[in-house]
Amino acid sequence: LWTLCTAPRGAGVAAAAAAAAARATPTEQSPVKAASSGEAPEHRALVLTGFGGYEKVKVQTRRGGSPGPGELSVRVRACGLNFADVMMRQGLYDRLPSLPFCPGMECAGTVSAVGEEVRDRQVGDKVMILARTGLWQEVVNVPAVQTFLMPEGMSFEEAAALPVNYITAYMILFDFGNLRPNQSVLIHMAAGGVGTAAIQLCKTVENVTIFGTASASKHDSLRESGVAHPIDYRTMDYAEEVRKISPKGVDIVMDPLGGSDTSKAFHLLKPMGKVITYGVSNLITGQKKNLVAMAKTWWNQFSINAIQLLHHNKAVCGYDLGNMDEEYKLITDVLLKLINLYNQGKIKPKIDSVWSFDQVADAMKHMQEKKNVGKVILVPEAPKEESKKAEN
């Protein structure tokens with residue numbers, strides 16, 4: 001639902017990615033040690049060993065290899081943690097590698113080696129990377145086409161926070177939503193990674209009214225960021241609260257919730273309004289997969305036919321980056337627009353907290369319990385206290 005594969009030629013890049021993964025097979029956890037003569041050095045990686053609770057993601061060691069044709073080796077400095085990773089840990093996706101595998105859809109680091117046939121990257125380049133999985137490692141071999149040069153002045157933490165959340169928010173608001181001046185938007189989970197990205201992007205359009213759902217403790221932060229009407233979804237009916245302020249409803253609803261909330265979103269739309277559904281976070285009720293929650297969510301899932309849409313003058317859109325394997329140019333164009341907005345100072349990833357690989361269970365718990373305001377970042381080594389304070 002939030003997974004991402006940036007392949008210009010689906011099968012070719014998939015094969016390259018598979019080859020890169022094959023050269024980095026996980027082993028049982030042990031201290032990283034220097035390689036013997038002729039062997040590549042070992043590095044630390046986060047590995048999903050089974051579906052279930054936080055303890056299923058473990059620090060293990062892998063032995064890397066040289067990049068193949070068209071690939072780069074990158075020394076990873078920061079990785080993004082997404083809500084999709086929480087769902088992946090519980091086995092809630094149907095397109096996952098065989099266990100055990102390394103999660104991680106985005107990271108940033110420095111190019112340490114360049115394979116044959118690569119002409120537009122060199123050792124020392126700072127890059128951000130997009131992939132379906134496999135990036136929560138100290139060293140990764142990836143197809144060069146899945147890397148993007150970081151702009152000047154961007155930190156590794158910011159670079160790891162930008163791709164998935166900002167591409168998602170941008171395409172929902174502008175490609176599907178056609179957001180224009182004087183419109184209104186309801187953003188669910190407004191303090192999360194996609195939420196904070198969407199708020200910033202809404203602020204690039206004149207006079208957009210933002211409604212945002214989040215727990216009450218986050219409302220001051222949301223107001224400071226540009227949310228006109230924060231709503232506490234835990235104590236209020238957000239649909240009723242929106243209607244009190246805007247009786248006709250809103251122009252766009254960003255729906256990562258699914259289930260009955262998609263129906264509420266549709267009925268909150270003004271004529272010519274759009275609901276874009278891009279997740280099913282209502283499936284997550286605890287550490288492990290909850291079959292009752294799954295049954296309830298799918299039973300209450302919104303359904304409508306074309307004739308009903310015609311009468312309502314509304315649109316329902318579905319968005320899933322993981323099913324854009326053939327849309328490499330489209331994704332690249334969006335990311336270049338985002339880098340331009342960053343360079344103009346119009347967007348800036350908000351970092352909630354930085355956690356080491358050894359703290360991954362705590363980081364995932366922090367996100368799953370929705371304690372974050374902004375992006376949760378993982379780094380291979382424990383962050384320096386002073387830099388962690390600066391990020392916060």
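**A walk through the predicted model**

Helix 12 spans residues 360-368, and its buried residues are Val360, Ala363, Met364, His366, Met367 and Gln368. The model is a predicted one. The buried residues of helix 12 pack against both strands and a helix: strand 2 (42-48), strand 3 (57-63), strand 4 (71-81), strand 15 (351-356) and strand 16 (375-379), together with helix 2 (83-89). After helix 12 comes Lys370, which has a positive phi, near 55 degrees.

The chain as a whole has 13 helices and 16 strands. Of its 392 residues, 56% count as buried. Among contacts in the chain with a separation of 6 or more, 71% are between residues 24 or more positions apart.

One part of the fold is an open sheet of six strands, paired in parallel and ordered 11-10-9-12-13-14. The edges are strand 11 (229-231) and strand 14 (315-318); each has a single partner strand, so one side of each has no neighbour in the sheet. From one strand to the next, the twist averages 15 degrees. Within this sheet, strand 9 (residues 184-187) and strand 10 (residues 209-213) run parallel and are joined by four bridges. Ser184 has Thr209 as its bridge partner in strand 10.

Helices pack on this sheet. Helix 5 (residues 193-202) touches strand 9, strand 10 and strand 12 (250-255), and its direction makes about 170 degrees with that of strand 9. Helix 8 (residues 260-267) touches strand 12, strand 13 (269-277) and strand 14, with its direction at about 155 degrees to that of strand 13.

The next topic is the nonpolar interior. In soluble globular proteins, nonpolar side chains tend to be buried together. The largest nonpolar core here has 58 residues, of which Ile167 and Leu338 touch the most other members. Helix 4 (residues 163-176) supplies the largest share of this core, eight residues. The core lies between domain 1 (42-163 + 326-379) and domain 2 (164-323), because both give residues to it. Leu338 has contacts, beyond its neighbours within four places in sequence, with Leu162, Tyr166, Ile167, Tyr170, Leu201 and Ile347.

With a relative accessibility of 3%, Asn165 counts as buried, since the cut-off for buried is under 20%. Apart from neighbours within four places in sequence, the contacts of Asn165 are Asn82, Gly193, Val194, Ala197 and Lys375.

That leaves the cysteines. How many disulfides does the structure hold? The number is zero. For Cys102, the reason lies in distance: the closest cysteine sulfur, in Cys79, is 7.9 Å from the sulfur of Cys102, too far for a bond. A disulfide would need the two sulfur atoms within 2.5 Å.

Conventions
Residues numbered from 1 in each chain as written. Predicted model: local features only at pLDDT ≥ 70, side-chain atom pairs only at ≥ 80, totals over all residues. Heavy atoms only, no water. Pairing = 2+ DSSP bridges. Helix = DSSP H or I, 4+ residues; strand = E, 2+ residues; numbered from the N terminus. Axes fitted to C-alpha atoms, helices over the stretch in contact; angles between N-to-C directions. Contact = heavy atoms within 4.5 Å. Core = buried A, V, L, I, M, F, W, Y, C linked by side-chain atoms within 4.5 Å. Buried < 20%, exposed > 50% of the residue type's maximum accessible area, 1.4 Å probe, protein only. Domains from an automatic or database assignment.
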